[in-house]
Amino acid sequence: MLDFAIELAIRAGAELRARHERERSIESKGYADVVTDADRASEALIVGAIRERFPEHSLLAEEGSVGAAASPYQWLIDPLDGTLNYLHGMPIYAVSLALLYEGELVIGVVYDPPRGELFAAERGHGARCNGRPLRVSSTPTLAQALLTTGFPYDRAARPDNNLREHNRLLLKAQDVRRPGSAALDLCYVAAGRSDAHWELGLSPWDTAAGALIAREAGATITDWEGQPWRPGGARLVASNGRIHAELLRELALARAD
Ligand code: IPD
Ligand code: CA
Ligand code: CA
């Protein structure tokens, strides 16, 4: 199943790359939230292949595809994570595929077409990028840490929009980035390229694959209260472990401001 998921993510990524050069049709799902023909084509390719190979599996995909109703196996699919980047020509986007068995993450694959980087993990077997084992960073303090974050699409309408947390952490950490693909943000924690990612308002398909990859590379993943993060949890903190308590403390202080 891991080989199947890897091959599928690469095929969907090739479809996204091929379409990048072409004229695009865009629909709006809400403020800053858009869907393109590329999201839909990638989803159709992925969902078609899963339905053919594993017709009994259940699935949940961002653009609305669903699979068989009751199955211990469930695929969580983001056919294009980083749609706004893709639309503007910013080369930070990915295909994200995860498989759960009885609610537990067992496989995660994130493919970055512009860089040709394939991140993959199988529960209990570590995480890899293009075959090389991944390990989180050893940065010991928040002051030395490079963080990533993200903001929900409905940020203008909700007071709980991560702006207070962002502003506080920007002054506490070495720096903060907002790359625009939560799936890749989590893979970068796994690879030790960043020291932590925090975000709220996430959907199951944004985080499932990246969270398994990060966890298998040694990351600590919790909600914002330090409770275990479960697939589907909308608030997540994924870190190298060493800065986790400090980061949770600063998030709590930002909320109390
Ligand atoms: C979005 C990206 C972004 C995150 C948003 C997601 P999409 O996914 O992962 O980094 O901040 O919360 O919705 O819409 O590009 O698939
Ligand atoms: Ca997404
Ligand atoms: Ca998406």
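**View 1. A salt bridge between R193 and E117 in the predicted model**. R193 pairs with E117 in a salt bridge. The closest N and O atoms of R193 and E117 are 2.8 Å apart. For the contact between domain 1 and domain 2, the rule finds two salt bridges. Polar contacts are also found there: nine residue pairs cross the interface of domain 1 and domain 2, both residues of each pair at pLDDT 80 or more.

**View 2. The side of domain 1 that touches domain 2, by element and residue class**. Three elements that each supply at least two residues to this side are β3 (58-61), β4 (73-81) and α3 (83-88). The others are β5 (94-101), β6 (104-112) and β7 (117-122). β6 gives the largest share, eight residues. By class, this side of domain 1 has 22 nonpolar residues. Another eight are polar and 10 are charged.

**View 3. Domain 1 against domain 2**. From domain 1, 40 residues are in contact with domain 2, where 25 residues take part. Together, domain 1 and domain 2 bury about 2,500 Å² between them. Carbon and sulfur atoms account for 65% of that buried area.

**View 4. The residues around ligand 1**. Ligand 1 has 15 residues around it. Those that come nearest are D81, G82, T83, Y153 and E199.

**View 5. Backbone atoms of G82, G180 and S181 beside oxygen atoms of ligand 1**. For G82, a backbone N or O atom lies 2.7 Å from an oxygen atom of ligand 1. G82 is also among the residues that come nearest to ligand 1. For G180, a backbone N or O atom lies 3.1 Å from a ligand 1 oxygen. S181 likewise places a backbone N or O atom 3.1 Å from an oxygen atom of ligand 1.

Note on methods
Residues are numbered from 1 along each chain as its sequence is written. Chains are lettered from A and ligands numbered from 1 in the order in which they are written. This is a predicted model: local features need pLDDT of at least 70, side-chain atom pairs count only at pLDDT 80 or more; totals for chains, interfaces and linings use all residues. Side-chain values use heavy atoms; hydrogens and water are left out. Contact means heavy atoms within 4.5 Å. Buried area is the accessible area (1.4 Å probe) that two parts lose on being put together, summed over both. A salt bridge is a side-chain nitrogen of Lys or Arg within 4 Å of a carboxyl oxygen of Asp or Glu. A polar contact is a pair of N or O atoms within 3.5 Å; within protein, one must be able to donate a hydrogen and the other to accept it, and residues adjacent in sequence count only if both atoms are side-chain atoms. Helices (H or I, at least four residues) and strands (E, at least two) are DSSP runs, numbered from the N terminus. Ala, Val, Leu, Ile, Met, Phe, Trp, Tyr, Cys and Pro count as nonpolar, Asp, Glu, Lys and Arg as charged, and the others, Gly among them, as polar. A residue is near a molecule or strand if one of its heavy atoms lies within 4 Å of it.
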